[in-house]
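Work through the exercises below with the sequence and the model side by side. Try each task before reading its solution.

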Amino acid sequence: MFDTARTSATTLAIIAAALGGSAIAGAASTPSPSSTGASGAKQQRVALSSADAAKVKAAALDKVPGATVLRSKAGGPYGTPYHAHIRTSGGTLQVVLVDADFNATMVQADEGRGGKRGDRGGDPA
């Protein structure tokens, strides 16, 4: 009886160790809140292919004619797939949000790294 209890305890210890190891491995592969935008932290942006960058640029210029596209990136505010930072013909810095079909959906102020800049509010499509 003692051998059966010891074997069962050993088996449970091995299973617990395996489950604990997989939980640790899973935690290591799960993005931290700071990389996913939770808690107000900025999301990491991924570089676009040249083809996608051209489509994002075209969408931004269709939405804000006469603007200059400064840069375009994957991801963005409100879970948008893409966004472009622009300077309007009047010199205002703005961000154009672009959906997965490369349609500009909103124009909002470019708050930049150094604080708030540009116009306030958004211009929904």
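**Exercise 1.** What percentage of the 125 residues of the protein chain count as buried?

Solution. The model is predicted: local features need pLDDT of at least 70, side-chain atom pairs count only at pLDDT 80 or more, and totals for chains, interfaces and linings use all residues. Residues are numbered from 1 along each chain as its sequence is written, and side-chain values use heavy atoms, with hydrogens and water left out. Buried means under 20% relative accessible area, exposed over 50%, and partly exposed in between (1.4 Å probe, protein chains only). Of the 125 residues, 24% count as buried.

**Exercise 2.** How many helices and strands are there in the protein chain, and in what order do they run?

Solution. Start with the definition: helices (H or I, at least four residues) and strands (E, at least two) are DSSP runs, numbered from the N terminus. The protein chain has three helices and five strands. From the N terminus on, the order is α-α-α-β-β-β-β-β.

**Exercise 3.** Describe helix α3 and find which of its residues are buried.

Solution. Helix α3 covers residues 50–63, 14 residues in all. Its first and last C-alpha atoms are 20 Å apart, close to the 20 Å expected at 1.5 Å a residue; the expected span is 1.5 Å times one less than the number of residues. Next, V56, A59 and A60 are buried in α3. Seen down the helix axis, the buried residues of α3 fall within an arc of 100°, so they line one face. The arc is that of the directions from the helix axis to the C-beta atoms. On the face turned away from the buried side, α3 carries the exposed residues S50 and D62. The cover over the buried residues of α3 includes β1, β2, β3 and β4 (104–109), where contact means heavy atoms within 4.5 Å.

**Exercise 4.** Is T80 buried or exposed, and which residues is T80 in contact with beyond its neighbours within four places in sequence?

Solution. First locate T80: its place is in the loop between β1 (68–74) and β2 (82–87). With a relative accessible area of 10%, T80 is buried. Leaving those neighbours aside, T80 is in contact with G75, L97, V98 and D99.

**Exercise 5.** Where does L97 lie, and what is its separation from Y78?

Solution. L97 is in strand β3 (residues 93–98). L97 is buried, with a relative accessible area of 3%. Along the chain, L97 and Y78 are 19 residues apart, and their C-alpha atoms are separated by 9.0 Å. Not counting residues up to four places away in sequence, L97 touches several residues, including P77, Y78, T80 and M106.
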